[in-house]
Amino acid sequence: MRVLEAMDVTKDYEEGHERVAVLHGVSLALERGEIVALEGPSGSGKTTLLSILGCILTASSGRVVVDGEPVDPANRSRLPEIRRRSIGFVFQQFNLFPSLTAVENVEYALNVKGAKGAAARSEAERVLDAVGLSDRRDFLPRDLSGGQKQRIAIARALAGRAPILLADEPTANLDSHIGAQILEMFRSLAKKENRALFIVTHDPKVRSISDRVLQIRDGRVAAGESETVGAALAAARGRGQAPPLPMTRSSAAL
Amino acid sequence: MVDLATKSLLHDRLRFLITVSGVAFAVTLVFVQVGLFLGLLDNASVTIEHISADLWVTSRNTPNVDFAHTFPETAVQRVRSVPGVAAADNLIVWFMTVNLPSGAQEGTLAYALSDFRRWNIPWNVESGDVDDLKRGQYLFLDGSAVKRYGPFAVGEYREILGQRMKIIGRTRDALSFTTTPISFLDFDRAQKLSPDLLKNRTTYVLVKLAPGADAAAVKAEIARRLPYNDVYTKKEWAARSRRYWVQSTGIGLNMYITVFLGCLVGIVVVAQTLYTSTMEHIKEFGTVKAIGGGNLDIYRILGKQATIAGVAGFVLGALMAFALRPAIAKIDLKLIITPVFAAIVFAGSVVMCLAAAMISFRKVASIDPALVFRA
């Protein structure tokens, strides 16, 4: 079942008097339970694409569908709701709240998503247990190692059962041994809970856990994937089905 | 529900302390300034509040109780004949010179009545019997006079307007606005002390209403019968006496400016610390947005933090102000903090902190959640 689609997505920014194009007609799709890695050099547009897929930025043109809901760049107030419902993030810098304990970090994310009280606390404990940190539930982030912090970040992303997990360089701040452990744990949890996992990375180890690996160069995703989705879109048009959303939108940051 | 606002605020204890100190400073400043102001104004009307008169007849345009002008003492007869008046007596309030044993001269504000008990003054008698005042060249002197006259004891003599007077009693808390000590003496004695100015004259007529009498009607009738005098209710006269000092001296303006500056300093300190804190936690707020939170969630965090700072600052500031009270009392000043005044300061400190947080609100609204991807 397809949970994330990007079709012919472009993104450009105004820089001074010039418009700089970051993404050029990117198309890709993720199925539930699928793990996809996106590799590319710095400045190739990886993080911009991740931001668009995660409804943090909107595309300048093209179409993004998240968990069955087309993202309307003109309706920015809807984006937080899509993020709450469908997306879990894992960041390179962990981005934990330093004043909250491990379990509170996870529980707070659940509170933001609308879960409250005992239900939120038990879900937080469930995911902490899943990442093997039950015994560190009352530790503050400053008292945890980098690997433990990233496991809390993964638990936070898993909490609430969002169907899509987006990870930005999740192993960049970890040594290679811990990084490999984290990736393996992330893979098995995503598979077990049937979540789509999209990982932006420089780390070649990510390949080993991925079902597919996409390459991005100068804002263009490697030909195979783009063509596959592009062909599906063309087929839809050929069947006389108009695209649900216009292909061109003005860019807007959230 | 995880309380990110409180935990984040208390996580950085030093910053929290600075914020609370800023609020507490402003609160203490407001309490002390306004409390002293109220204390001084209380002096301006303290005798009016304690004298059990319902109406005061004054000479025309008397600005306050201390600055009395004379009028014929026979006016009291006309007042007594007004229906609804239960009792009326003459009262002289007059500034008199006191010669001290050292040869120096000081002033006293003399309150002279024929029957002190009827009008309930002096209200704090430490020693002596006011009924004895009419028996000779006697006076009661307030304890606050020690500061200006030096130590004195009951039984000693002081020379007032050139006449030897025996101190036969001592009172407490009878101070005029200008801190001139108040003395109490018999009405006839006061007239004899200054015959040129006070013979057959009085400065006020005190009026007690009969039970059930209509104060407004009695007041109007007295005013009709004494067209060259003014008539005030107790409340009006106290307000007029206080207003004189507020409007004709810089004390009111000084109080308003100090309160304004105190609040301004408080707002600046709180706004500055909250804004710095917001900037330091900007990535956390970006994370809140990235995981699905909106501006409203972050406004709630900042609003709660500002409220906590306001409440904690108020408590600390109020404690400091109350701690200063004994020291202020030692220099014969009063710090008046009424429950209503405290409630206003409490609300003001919370509003002040929320106003300060508004600056951070603007910053939060512009946070780009994409910053969570930046190293």
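This is a predicted model: local features need pLDDT of at least 70, side-chain atom pairs count only at pLDDT 80 or more; totals for chains, interfaces and linings use all residues.
A residue is called buried here when its relative accessible area is under 20%, exposed when that area is over 50%, and partly exposed in between.

**Chain A as a whole**

- Chain A contains eight helices and twelve strands, and its accessible surface comes to about 10100 Å², with 49% of that area belonging to carbon and sulfur atoms.
- When the contacts in chain A between residues at least 6 apart in sequence are considered, 74% of them join residues at least 24 apart.

**A four-stranded sheet in chain A**

- Four strands of chain A form an open sheet in the order β2-β1-β5-β6, with antiparallel pairing; its edge strands are β2 (18-31) and β6 (69-70), each of which pairs on one side only.
- Within this sheet, strand β1 (residues 2-15) and strand β5 (residues 61-66) of chain A pair in the antiparallel sense over five bridges, and A:L4 has A:V66 of β5(A) as its bridge partner.
- Helix α1 (residues 46-53) of chain A packs on the sheet, where it touches β1, β2 and β5 of chain A, and its direction makes about 60° with that of β2(A).

**Nonpolar cores**

- In soluble globular proteins, nonpolar side chains tend to be buried together.
- The largest nonpolar core in this model has 51 residues, and those with the most contacts inside it are A:Y108, B:L4, B:F31, B:F285, B:I337, B:F341 and B:V345.
- Elements of both chains supply at least two residues each to this core, namely α3 (102-112) of chain A and, from chain B, α1 (4-11), α2 (13-50), α10 (251-280), α11 (282-290), α12 (295-330) and α13 (339-365); α2(B) gives the most, with ten residues.
- Leaving aside residues up to four places away in sequence, B:F31 touches several residues, including B:L36, B:F314, B:L335, B:I337, B:F341 and B:V345.
- Apart from this core lies another, of 39 residues, and among its members are A:V22, A:I56, A:V71 and A:A196.

**Salt bridges**

- A search of the whole structure finds 42 salt bridges over all chains.
- One of them joins the side chains of A:R85 and A:E69, at 2.9 Å from N to O, and it links helix α2 (residues 79-86) of chain A, which holds A:R85, to strand β6 of chain A, which holds A:E69, across 16 residues of sequence.
- In that pair, A:E69 counts as buried because its relative accessible area is 16%, whereas A:R85, at 31%, counts as partly exposed.
- The side chains of A:D211 and A:K191 also meet in a salt bridge, at 2.7 Å from N to O; A:D211 is in the loop between α7 (205-209) and β10 (212-217) of chain A, while A:K191 is in helix α6 (residues 176-192) of chain A, 20 residues apart.
- Both partners are partly exposed, A:D211 with a relative accessible area of 41% and A:K191 with one of 34%.
- In chain B, B:D89 forms a salt bridge with B:R118, with their closest N and O atoms 3.0 Å apart; B:D89 lies in strand β3 (residues 85-99) of chain B and B:R118 in helix α4 (residues 116-119) of chain B, so the pair ties together parts that are 29 residues apart in sequence.
- B:D89 is buried, with a relative accessible area of 8%, whereas B:R118 is partly exposed, at 36%.
- A network of salt bridges links A:E123, A:R126, A:R161, A:E193 and A:R195.

Definitions and conventions. Residues are numbered from 1 along each chain as its sequence is written. Chains are lettered from A and ligands numbered from 1 in the order in which they are written. Side-chain values use heavy atoms; hydrogens and water are left out. A nonpolar core is a set of buried Ala, Val, Leu, Ile, Met, Phe, Trp, Tyr and Cys residues joined through side-chain atoms within 4.5 Å. Buried means under 20% relative accessible area, exposed over 50%, partly exposed in between (1.4 Å probe, protein chains only). Contact means heavy atoms within 4.5 Å. Two strands pair if DSSP finds at least two bridges between them. Axes are lines fitted to C-alpha atoms, for helices over the stretch in contact, and angles run from 0 to 180 degrees between N-to-C directions. Accessible areas come from the Shrake-Rupley method with a 1.4 Å probe; for residues, only the protein chains shown count as cover. A salt bridge is a side-chain nitrogen of Lys or Arg within 4 Å of a carboxyl oxygen of Asp or Glu.
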